[in-house]
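Here is a brief report on a pocket, a sheet and a helix.

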Amino acid sequence: MKVIIKTSKLVKPFYGGAQPPPIDSIPLSVFDKVTWNMHIAVIYAYRPPTPSTGAIELGLRKVLAVYREMAGRLSTDDSGEIVILRNDVGVRFIEAYADQNLDETVSFMPSEPKVKSLHPSLYGVKELTQVQVTRFNCGSMVLGFTLHHRVADGNATSNFLVAWGKACRNIEISPLPFHDRTIFTPRDPPIFDFNHKGIEFMPENMKGIYDSVDDRVEEIRAEQFHFTADFISKIKSKASSMNPNKKPFSTFECMIAHLWRAVTKARRLDGSETTQVRISVDCRNRIKNPKVPNSYLGNMVLWAIAKAKVDELLGEPLGHAAKLLHDAIISIDDNYIKSFIDFAHHRVEAEKLVPTIGIEHNRRILSPDMDAGTWLRLPFCDLDFGCGAPYSFSPCFSPIEGDIFLMPSFVDDGSIDVYVPLLHEDMKVFKDVCYSLN
């Protein structure tokens, strides 16, 4: 696919004739500092008729007046702390064209080279937000969107995208984003109820442990798997039959339990080996004080970790794995979050610690472990510019072996699509076992 860039410019907030607010800065929170220091990308595909590029741009300018962080830049304050400078310098806006029809039967696999040509580059970027509108001969349109992860997590990003669609349709943006990132103050005295070293933080001297390139990286294959609502219902029933509380495990817990076991089988690990799953947990509704609204603009994700010996994971029923995951997720509660905040403020600098995510940035093979993320409950698919919802949506990333991702299917019948990157030989086995209920 040859994509031709027609124009590239900066788009600034539109205040409707009102005086622009003064330049100010927002310090990064402790949650922002432990997340990925990089851009993330998503793409949307729309069937014709599609809105004009001018309408998309005007809607973007309107929403940027509400979400000023997106049009700012990362900077440092007088004390050397990283801040988001709300200076309205603007968002990179690219118009592009592909001299062909868009084949709707082709899946937008996140790691395919053609997909990477449909969103702006993720590297060496000053802008915090970038947009690329690519139009095809058939009238279809693909929108590529990138955002620096320290500005917002998945929840906040999806809120922004939905608000952008509302601005294009002249619908009032509600709720408005909650901007205050200074609310996560430590307790006095601090209380360290949990050990955060090895979870959110690691010693600074461990930098570089994943810098060497694993020879197996070239063998990584990423594929998409579709799980029907009926299959998911059977998995949930089977897993939840072991729940002593008689309350069904969540769809996410049951599916990750199933996938954890399937990936472990596919890898053919030694039975005495320990395997773990790291799960992204949104903390907005888990902290009691301060109350954090769903409209909070920023990062508020921590990680739950479930561990088991391979023999235990595969020898026990599915419900055992689901309970391990459930217990890990509910452990990220008010006490844990406040312990993290205290630790981040009082121990990180003193002990010369750095975010684990930063150290693991170059880790491409997770085996025997697994990372699991989900956008099952986020409204990413609701980006409507005025001509209807997209027919396809996909995150874009370089595949990391064992880093799986769950999304609602566009079939809109309760089914789920899962992106699974594994080594080539392991993928063959995974395909044989992933749809089995045994």
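## Second largest pocket

The lining of the second largest pocket has 17 nonpolar, 11 polar and 7 charged residues. Nonpolar covers Ala, Val, Leu, Ile, Met, Phe, Trp, Tyr, Cys and Pro; charged covers Asp, Glu, Lys and Arg; the others, Gly among them, are polar. A pocket is an open set of points on a 1 Å grid where a 1.4 Å probe fits, with protein on both sides within 12 Å along at least five of seven lines; lining residues have an atom within 4 Å of a point.

The volume of this pocket is about 900 Å³. Among its 35 lining residues, Lys33, Glu81, Arg150, Val348 and Pro355 are closest to the centre. Helix 1 (30–33), helix 9 (334–346), strand 13 (353–355) and helix 10 (356–359) each give two or more residues to the lining.

## Basis

The model is predicted: local features need pLDDT of at least 70 and side-chain atom pairs 80 or more, while totals for chains, interfaces and linings use all residues. Residues are numbered from 1 along each chain, and side-chain values use heavy atoms, without hydrogens or water.

Three strands form an open antiparallel sheet, ordered 2-5-4. Strand 2 (24–27) and strand 4 (73–76) are at the edges with a single partner strand each, so one side of each has no neighbour in the sheet. Strands pair when DSSP finds at least two bridges between them.

Strand 2 is joined to strand 5 (residues 82–86) by 4 bridges. Asp24 has Arg86 as its bridge partner.

## Helix 6

Arg268 follows helix 6, with a positive phi near 55°.

Key. Points joined across faces, edges and corners; volume = space filled by probe spheres on them.
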